[in-house]
Amino acid sequence: MTNPIYLAIDVPHLRDGLALAEKARAHIGGIKLGLEFFCAHGAHGVHMIGQLGLPIFLDLKLYDIPNTVAAAMQAIHVLEPAIVTVHASGGRAMLEDAKAAAAEHTKVVGVTMLTSMDDRDLERTGIKGTAHDHVMRLAELSKDAGLDGIVCSGHEVKAVHKQWRDGFFVVPGLRPAGSAAGDQKRVVTPRQARDDGASVLVIGRPISRAEDPAAAARAIEGTL
Ligand SMILES: O=c1ccn([C@@H]2O[C@H](COP(=O)(O)O)[C@@H](O)[C@H]2O)c(=O)[nH]1
């Protein structure tokens, strides 16, 4: 079985990101590079991390008019990402054009509702209903638009998996039992998410902020 853990490299210095990825390398299946990393290090940073030979997940959360998102998708072909994110709330045309513009081997997944938000946060954005309802709606839209899957929390992945059997489900907001949630609000353990149908487990601070990142990654891998 391939290791579903993607380590989120959310550190300001490239050399620290490389060192972290090297330490955890034996216990992870891929690397997730997000906004912080891409804004600081751009394509050069992605190439450097890519040299470790692990699949790269570019968590860019693209959200713009269809033409702009499609152009951005084309621009990143050269980086050969295994996975790229777009915001599912960007609408059907944006999602369709994003998928059409992506490289053949890149999975395009729609971010439904950030794991740092709960029902109350959702209500404050003017959206009625629960996080669960909202994620289910955006999962259906993503599926209809031809995306490969979605990003959701471990609270919803079981229900989404039931509706979309061959979908690809990326789950962040993961915390080993007893570890601090920080800014994450919809949290489950890595094991729970995997058992409920997650394809990819995104884990950042429980590994990157650990005293011994390799030992932390190994311990999480051991629970799966
Ligand atoms: O809904 C979302 C979408 C993306 N993320 C990203 O995942 C990691 C999680 O990091 P932790 O340190 O394990 O909390 C981070 O890069 C986020 O940008 C998310 O958390 N939730």
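**Burial, contacts and backbone angles in a predicted model**

Modeller: Let me start with E80, which is partly exposed because 15 other C-beta atoms lie within 10 Å, the rule being that a residue is buried with 20 or more other C-beta atoms within 10 Å of its own, exposed with 12 or fewer, and partly exposed in between, with C-beta atoms placed from the backbone. This is a predicted model, in which local features need pLDDT of at least 70 and side-chain atom pairs count only at pLDDT 80 or more, while totals for chains, interfaces and linings use all residues. Residues are numbered from 1 along each chain as its sequence is written.

Colleague: Where is E80 placed, and what is its phi?

Modeller: E80 is in the loop between helix 3 (66-75) and strand 4 (83-87), where helices (H or I, at least four residues) and strands (E, at least two) are DSSP runs numbered from the N terminus. Its phi is near 50°, a positive value in a residue other than glycine.

Colleague: Why is D59 called buried?

Modeller: D59 has 24 C-beta neighbours inside 10 Å, and the rule asks for 20 or more, so D59 counts as buried. D59 lies in strand 3 and, leaving out residues up to four places away in sequence, touches K32, L33, G34 and T85, a contact being a pair of C-beta atoms, placed from the backbone, within 7 Å.

Colleague: What makes K61 partly exposed?

Modeller: K61 has 16 other C-beta atoms within 10 Å, a count between the limits of 12 and 20, and is therefore partly exposed. K61 is in strand 3 (residues 56-62) and has a positive phi of about 45° although it is not a glycine. Apart from its neighbours within four places in sequence, K61 is in contact with L35, T85, H87 and V111.

Colleague: Which residues does UniProt list for "active site"?

Modeller: The unreviewed UniProt entry lists D59, K61 and D64, with positions in the numbering used here, feature names shortened, and annotations that may be inferred rather than shown by experiment.

Colleague: How do you know how compact the protein chain is, given its 224 residues?

Modeller: The protein chain, whose secondary structure comes to 10 helices and 8 strands, has a radius of gyration of 17 Å, close to the 17 Å of the globule rule, so it is as compact as a globular protein of that length; the radius is taken over C-alpha atoms, and the rule is 2.2 Å times the number of residues to the power 0.38. Buried residues make up 43% of the 224 residues.

Methods. Two residues are in contact if their C-beta atoms, placed from the backbone, lie within 7 Å.
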